[in-house]
Every structure is written in structure tokens, then in C-alpha cells.
Amino acid sequence: MKPLRSLLIFLFLITAGCAGAEVGSGLLSGAGASAFAPPPGPATLVTVAELAEEPESFAGQYVQVMGQFRLPAVVVCDAQPRRSPSGWILADENAAIEAGGFDELLRSLLPQELTITVAGRWQYWRGPVGCGKTAPVREVWYLAVREIVEPQPLARVTLTPPGGVTTTAVAIAPLPTSTPAASPTPSSTPTVEPGATTPASPVLTATASATVATATLTPTATATQTVTATLTATITRGGTTEPTSTLDPADATATAAAQGTPQPTATEPSGTIIDRGALTFRERLGNPLYFNPIALEIDELAAEEGHRWEIEARAGDVISLSAVSQPDRDIVLQLRDAAGNILVTRDATGTGEVEVIAGFTIPTDGSYRAVVREANGVGTYYTVLYVNVEHENYYEYEIAGTLPRNGSRTTTMPEKTDYLWAFVATGGSTISITVAPNDSTDPILNLLNPEGALILEYVNDRGPGQSEIILNFQLEDSGLYVLHVGEDQYAASSYRVTVSGN
């Protein structure tokens with residue numbers, strides 16, 4: 001029995017139970033201050049400079065602070081990024097502090113240097129920040145934002161830069177002092193605005209629910225701010241307005257933002273979204289001596305159907321989601337908050353591609369949703385994986401890709417990482433699987449059937465540098481199978497994996 005695996009499982013068995021999570025509020029499109037969950041208590045008014053100079057003296061306090069919104073430098077990683085709970089910066093003339101909460105929305109909605117007032121808990125965090133497993137450990141004081149105090153509400157800002165090309169972005173801005181017009185009836189159904197002006201580049205226009213008002217801003221070029229009371233989304237490319245269709249009712253308030261970049265995914269093809277339960281950590285593969293807890297599900301989408309999986313996470317947790325379908329299908333993966341707002345969308349637009357949402361920092365305690373669908377609305381088998389760096393039994397699993405029938409894949413698997421390979425098979429067929437190392441490492445294999453049950457456990461019959469083989473194994477069910485490949489001593493490993501049979 002390997003010492004590290006035994007220790008991980010022992011810790012898992014003696015630490016049963018999970019802590020309750022407080023559900024946090026989300027930043028809703030067009031929502032005023034009254035739409036947010038009530039703060040935990042009266043906020044202490046402080047300045048950015050006070051928090052920066054004496055962070056320990058405000059530890060755990062619920063504070064309100066005003067400053068200029070800024071974004072930190074972007075860190076590009078070849079390996080999985082490791083992030084602190086802070087996702088943006090609040091600054092004044094003399095100092096700056098880190099802040100977290102509503103990260104993806106604020107990155108896409110706020111222009112830099114906009115003055116905002118926020119309230120939240122002043123907290124301490126210590127953990128790896130950087131790229132991969134060798135990222136250095138940092139100690140971070142940051143404001144865990146629970147409430148956007150000013151400005152309110154959301155508005156649409158249209159900018160006309162020099163050259164006359166009109167572009168549109170979404171921003172938070174205060175209502176102007178001019179007399180507002182009468183408020184029209186709000187609508188939550190996305191529509192295509194007729195007669196849209198053809199821009200020179202792709203444009204996403206989102207209009208937030210609010211009182212109608214107009215104002216004029218004067219940056220380098222003239223800009224006009226307009227707030228309307230109907231939530232709409234218009235995507236225009238090359239002079240052609242693309243049709244959009246009604247959102248699933250449970251997710252009608254979706255706002256698209258991914259890793260700081262707005263995405264034209266405010267609407268989805270019509271269809272049924274089905275709750276499939278929770279993505280939870282469990283001993284899915286049987287014998288706890290050989291496998292660490294994992295949150296993995298294997299399922300099948302019907303035509304015009306989407307699946308919604310629930311995730312419970314705490315503020316500051318760094319999570320990753322990944323999914324892959326059968327090789328001839330195009331899977332789409334989304335992360336949403338409990339209200340249905342889209343936080344991240346991943347669609348590599350290729351069939352059989354693994355869709356990955358990596359290193360997402362959870363802004364507030366509560367429930368989140370992984371939504372899986374097929375881009376063209378056709379049925380498909382798929383598997384979805386949830387990883388939480390802060391989970392007490394965290395171990396690095398990755399969906400590596402799909403395996404072709406009677407074909408091979410060659411890969412290099414990092415240390416302390418296990419790969420999951422998906423392949424489709426027909427019930428009654430007989431297959432053989434070979435994992436041949438290109439070095440002196442010692443692979444181990446587990447095989448799951450389309451129900452997610454372990455049907456072959458801890459195949460490790462040969463020594464280091466030798467191929468592990470599953471020979472002439474008969475499969476009972478049709479569907480997506482998952483082959484788990486690990487290394488006996490958690491070492492980095494280069495190998496070729498082959499599936500053959502009838």
C-alpha cells in the first residue's frame with residue numbers, strides 16, 4: 001500500500017461531515033441596492049489607506065470603503081493558475097488594497113479608475129499564488145466584498161471614439177440628476193433589437209433593468225449613457241444580426257463574463273434544463289485504499305436538453321470544472337451562480353474537445369451551477385469533473401481527452417496528477433486497453449462504466465517501466481466509459497494509451 005494514498009484516505013475517513021455554507025448574494029443585472037442580501041451588520045467607514053497601513057487592526061470587521069476600481073496584471077500560465085481570493089484592486093491617492101467578490105462580473109462591467117463604494121469583510125488568506133504546483137505561498141489581506149453600495153444601478157454606456165465607430169459596453173454608473181422619464185414595464189425575455197446599426201466589429205449590447213434616464217459623458221470623445229428597462233441582447237457580426245432565443249426561465253438573468261472578458265453568451269438555444277443533483281466528493285471508485293475522493297459524473301444528454309449540476313463552495317475557494325462528450329459531439333460548459341447568472345462559458349467549438357474552466361475563485365459562500373449542453377442541440381454522452389483546491393482531500397484530477405477506438409494517444413502526465421480518458425463503446429463488445437510508459441514509471445488503471453461504477457479496480461500487475469494491460473474485457477453497457485490512469489508513486493509520467501477491440 002502506498003504511504004501517501006493511505007494517509008489521504010485515512011484523513012478522509014476521520015474527517016467526515018462538511019461545514020454549512022452561507023448563501024451569498026449575486027450582482028443581478030439592473031438590480032438596485034435593495035436586491036442584495038442584507039449585510040451582517042453596520043459597516044465601519046474606513047479608508048483604503050487605513051486598511052493598507054494597519055491591516056491586522058481591522059481583521060474580521062465588516063467595513064465600507066471608497067476607492068478607484070483597478071485590475072491587476074494578468075498572469076498567463078502554461079500550468080494551472082493558482083489565485084488568491086482577491087480578483088481586483090481598490091485604490092486611493094495614497095494606497096491600494098486587494099478585494100474579491102463579484103470578480104467576473106465587475107471585470108466585464110466596470111471601467112478602470114471608476115470610483116466605487118463597497119462593503120465587505122476584511123480578511124486574511126494564505127496560500128499559493130502563481131502558476132502550477134510550485135507557485136510561491138503568499139499572505140494576503142483583502143476585502144471580501146458583499147455589497148456594491150455606489151454607484152447604482154447598472155447602465156448601458158455607448159462610446160463613440162475618434163473615427164466614428166460606435167462600440168457598446170456595460171458599466172455600473174450612477175443615475176444622472178436629470179428628470180427621468182416614465183418607467184416602462186420590465187421584461188426578462190431577451191429579444192433582438194430590430195434595425196441595429198452595422199458596426200465594424202462584433203458588438204454585444206446588454207440593456208439592464210432600471211429607470212429610464214439619459215446623461216452625457218465627456219471623455220476623449222462624446223459618449224451617451226442610456227438606461228432602459230428591458231433586458232435585451234443583440235449580437236451583430238459583419239452586418240448580420242444573429243437571432244437569439246429565449247433563455248431557460250430559471251436562468252433568464254444571465255450575464256456573460258469569462259476571466260474578465262465579456263462573451264456573447266447572454267442567450268442560449270431553447271430547450272429543457274434538467275437538474276441532475278450535486279457534484280460532490282465521494283469514493284466513486286470503490287476501494288478507498290487505492291483512490292482519493294473525486295467529484296465525477298457520467299451521464300447522457302437527450303436532444304435539446306441541458307443538465308444542471310449543483311456545486312457548494314465557499315468564498316475564496318479555487319475551483320475547476322471540465323467536461324468532454326463523445327468524440328463526434330461539441331460540448332458546452334458553463335459556471336453559473338444560484339440566480340442563474342452566467343459567470344463563465346467554455347466552448348472550444350470543436351467536436352470531442354475538453355472544455356475547461358480552470359482556477360475560478362469563488363466570490364461568495366453558497367451554491368453554484370455547472371451547466372452542460374451540446375452546442376448543436378443533439379444528444380450525447382458526456383462526463384463532468386469538479387475540482388476544489390480547498391477541499392480537505394484535494395488531489396489533482398484532469399480530464400485528458402477522448403480515446404479513439406483502435407487508436408492511441410500519447411501524453412505526459414504531471415506529478416501528483418491523475419488523468420481521466422473517455423471513450424464510447426457498445427454493450428457486448430470486447431476491448432483491450434494498454435498503457436505503455438515511455439519511461440521507468442509505473443502506471444495504475446481503473447475503469448468506470450457509463451453508470452459511473454467501478455468495473456476494473458487498481459490494475460497494477462507489472463513493475464516500473466512495464467505496460468499495464470486490460471486484455472479482452474467484455475463490456476455490458478453501451479455508453480461512455482472513463483479510464484483512470486495514475487502513477488504508483490505519483491511521479492510525472494510519459495505514456496501511450498491504446499483502446500482496441502470490436
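Entry 1, Thr498. I began with a polar contact: the side chain of Thr498 reaches the side chain of Ser408 at 2.6 Å. The model I am reading is a predicted one. I placed Thr498 in strand β33, which covers residues 493–501. Next I looked up what else Thr498 touches. Leaving aside residues up to four places away in sequence, I noted Gly407, Ser408, Ser432, Ile433 and Thr434. Ser408 is therefore on the contact list of Thr498, and the polar contact joins the two side chains.

How many salt bridges does a search of the whole structure find? I wrote down 7. Side chains of opposite charge can pair when their charged atoms come close. I went through some of the pairs by name.

Glu98 sits in strand β5 (residues 96–100) and Arg138 in strand β8 (residues 137–150), so I recorded a link between distant parts of the chain, 40 residues apart. Glu98 has a relative accessible area of 21% and is partly exposed. Arg138 is also partly exposed, at 33%. The cut-off for buried is under 20%, so Glu98 at 21% does not count as buried.

I turned to β17, residues 295–301, and asked how many of its 7 residues are buried. The count is 6, and I noted the strand as mostly covered. I also looked up a pairing partner: β17 runs antiparallel to strand β24 (residues 380–388), with 7 bridges between them. In this pairing Asp299 stands opposite Tyr382 of β24.

Arg276 belongs to strand β16 (residues 272–278) and Asp299 to β17; the pair is 23 residues apart and links distant parts of the chain. Is Asp299 buried or exposed? I recorded it as buried, because its relative accessible area is 13% and the cut-off for buried is under 20%. Arg276, at 37%, is partly exposed.

For Glu297 I noted 11% relative accessibility, which counts as buried. For Arg282 I noted 33%, which is partly exposed.

I followed β16 into an open sheet of 5 strands with mixed pairing. The order I wrote down is β16-β18-β23-β20-β21. Which strands stand at the edges? They are β16 and β21 (342–346); each has a single partner strand, so one side of each lacks a neighbour in the sheet. Neighbouring strands here are turned by 25° against each other on average, direction ignored.

I finished with the pairing of β21 and strand β20 (residues 331–337). The two run antiparallel and are joined by 4 bridges. Across this pairing, Arg336 stands opposite Ile342 in β21.

How values were computed. Residues are numbered from 1 along each chain as its sequence is written. This is a predicted model: local features need pLDDT of at least 70, side-chain atom pairs count only at pLDDT 80 or more; totals for chains, interfaces and linings use all residues. Side-chain values use heavy atoms; hydrogens and water are left out. Buried means under 20% relative accessible area, exposed over 50%, partly exposed in between (1.4 Å probe, protein chains only). Two strands pair if DSSP finds at least two bridges between them. A salt bridge is a side-chain nitrogen of Lys or Arg within 4 Å of a carboxyl oxygen of Asp or Glu. Axes are lines fitted to C-alpha atoms, for helices over the stretch in contact, and angles run from 0 to 180 degrees between N-to-C directions. A polar contact is a pair of N or O atoms within 3.5 Å; within protein, one must be able to donate a hydrogen and the other to accept it, and residues adjacent in sequence count only if both atoms are side-chain atoms. Contact means heavy atoms within 4.5 Å.
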